[in-house]
Amino acid sequence: MSILNIKKSSGKTDKIFKIAALASATYVLVIIAMIIVNLTSGSASVWQKEGLNFLTGSDWNAVEGRESYGAAPYIMGTFVTAGIAMAIGLPISFGIAMFLSELAPKILRTPISFLVELLAAVPSVIYGLWGLFVFRDYIQSWIEMPLHNLFGDNVIIFSGTPFGLDILTASIVLAIMIIPTVSSISREIMLAVPNSQREAAYMLGATKWEVFRMAVLPYSKSGLIGATILGLGRAIGETMAVTMLIGNSTGSAAFPQSLFQPGQTMASIMANEFAEASQGGLHLAALIGIGLILFLVAFGINIVAHLLVARMVKSHEGAVLA
Amino acid sequence: MITIEQRAEFRKHFRYNIGRRLIVDKIIKITVLGCVALAVVPLASIMYEVFTNGVAALSVDFLTQVPGAVGSDEIGGIGPAIQGTLALIGLSCLIGVPIGILGGIFLSEYGNNKYGRTVRFFNDVLAEFPTIVIGVFTFVIIVITIGSFSVWAGSFALSIIMLPIIMRTTEESLKLVPVTYREAGYALGIKRSVVVTRIVLTAAKSGLVTGIMLAVARISGETAPLIFTILGSSQFMTGLDGPIDALPLRIWRLSSLPYDSAQTQGWGAAFILIMMIFAINIGVRYVFLRKRGTSMLKFKMFGGVR
């Protein structure tokens, strides 16, 4: 009798439990869908007024009556800073990953990967603080002044007097911030390369570098591309450090030309101008619209990256089984 | 067949190029070591600056007083910011932890199908979203609807950020629990829900705590979403529906003030924040990640712990 009772009630609680779990999992999808819907509706008025000009225009004027919003300089600024950060950060990240997976003696591996991960734990606002009060002076006198003196105003990307708070500074700090992400994923991917691949290359008399180039690199290529794109996604969405360091110009002046010129990114203009935008106004809608663009860019980048990394991991599981 | 002459030819060639290859190898090794040094230098510099400048700002008043008026002689402290950060962490955990753990249970116990894979995929994508977008979203959905900046809005935004981390770590640590545990439970006639909550969750406890702590470390340093949700304030919290202050937000505001005292206070606040985050990170590593198996957890999340 009692057994029957247990069976009866067990079906019910199990069902409730499963539904609760299902609902929590669905919550994630709901949130993503709601982000798209709300950002679209919140920025509807600016899309209506500016149309595609919102994407291509460079006029940014929040004065009542002469309002005009074009986000092109900020979109460009985002891609330029992220691009420079990738150019600086990627080689270093791959170097660290190679050191940790191929070269480092066992004793050094854990402490160094721990240090690199601590770098990832530092909040972005502290990077900004450090960049503003410490790093800026060094970069201005050690990197920017020599470059400026060397090339002067003749080369457009080095023109203008270096001030320290500009696109280059923001990009370098951004590079420091993506190094932990990219290097720890790349390290995992390189460690996933079967040792038989390395041993085969060693057997042919290859040096460490040749083993890496001929056995490890081809095997982990798609995973490393995925790691790169994940790093790119992070660089594009980074807000606080960039806001504090990029110098914050607006309108067509923010169109990135020189490395030593103050710029603006999509994230930083949102953080900067949010306090000035009045509720219900066009200015606020424009900022939300920039949020929508940033969201779509980051969404696309992350989907591609996760597909690549997932494929890599899957092919490894297959290799292990076979 | 390789003749003896050919073999001699190969050997000659090998002797000829091995020197160059070894040199290339050396150069690469040194470069790679340089990369590691390049990454450690900023960390050392940040730690050094935060410690030397931050300790100078510390005092009892600094930790408990409200900030003084801008530019006045009374510099005050960061009491409201510390209170706000703690309140935000507590409330976000209240929202994020149950949903995250239940979602993780779904992915691990019921998620071996197309729907589970979809959720897992978008959960990973959500983990990498720009946090400022989540802030703007919360602003549109809560702040505009209610009409004021509030602790609730901030906690909701932060809970969205911590959700994917908790869900992923929960799933991974539940999957580490051997199937035999579950089967033993079923053999005793225990309901599936009780097997999961009493047996599997208990066995995976340390993994769960690790995930929650790492998520807390991550959200306590988030600034961007807070600009749009709690706004910042220089008073202690009066209720959950008004604006409050938070440590990262206070650091940002202080850094933009042109006074030396504000700078010092900024470093002091940064010191408190970084000590909190590092304590959680290092503590988790030494208390929980010691056990074999769980150390893979962090990497399963694609390094998504910042």
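Tutor: Helices here are DSSP runs of H or I with at least four residues, numbered from the N terminus. The model under discussion is a predicted one.

Student: In which loop is A:N248 found?

Tutor: A:N248 has a positive phi, near 55°, and is a residue other than glycine. Its place in chain A is given by the two helices on either side: the loop lies between α10 (240-245) and α11 (266-273).

Student: Does A:N248 count as buried, partly exposed or exposed?

Tutor: A residue needs 20 or more other C-beta atoms within 10 Å to be buried, and 12 or fewer to be exposed. Because A:N248 has 19 C-beta neighbours inside 10 Å, it counts as partly exposed.

Student: Is B:L231 buried or exposed?

Tutor: B:L231 lies in the loop between α10 (224-229) and α11 (247-255) of chain B, and its phi is positive, about 70°, although it is not a glycine. Since 20 other C-beta atoms lie within 10 Å of B:L231, this residue is buried.

Student: How far apart do the C-alpha centres of domain 1 of chain A and domain 2 of chain A lie?

Tutor: The domain assignment places domain 1 at 2-42 and domain 2 at 73-321 of chain A. Between the C-alpha centres of these two domains, the separation is 37 Å.

Student: Which helix gives the most to the side of chain B that touches chain A?

Tutor: The contact joins 73 residues of chain B to 78 residues of chain A. By class, the chain B side has 51 nonpolar, 13 polar and nine charged residues. With 20 residues, the element of chain B that gives the most to this side is helix α1 (residues 4-57).

Student: What is the handedness of the crossing of α3(B) and α6(B)?

Tutor: Helix α3 (residues 79-110) and helix α6 (residues 151-175) of chain B pack at an angle of about 35°, with their axes 6 Å apart. Their contact has 17 nonpolar, 10 polar and three charged residues. The crossing of α3(B) and α6(B) is right-handed.

Conventions. Residues are numbered from 1 along each chain as its sequence is written. Chains are lettered from A and ligands numbered from 1 in the order in which they are written. This is a predicted model: local features need pLDDT of at least 70, side-chain atom pairs count only at pLDDT 80 or more; totals for chains, interfaces and linings use all residues. Domain bounds come from an automatic or database domain assignment. Two residues are in contact if their C-beta atoms, placed from the backbone, lie within 7 Å. Ala, Val, Leu, Ile, Met, Phe, Trp, Tyr, Cys and Pro count as nonpolar, Asp, Glu, Lys and Arg as charged, and the others, Gly among them, as polar. Axes are lines fitted to C-alpha atoms, for helices over the stretch in contact, and angles run from 0 to 180 degrees between N-to-C directions. A crossing is left-handed if the near helix is turned anticlockwise from the far one by less than a right angle, and right-handed if clockwise.
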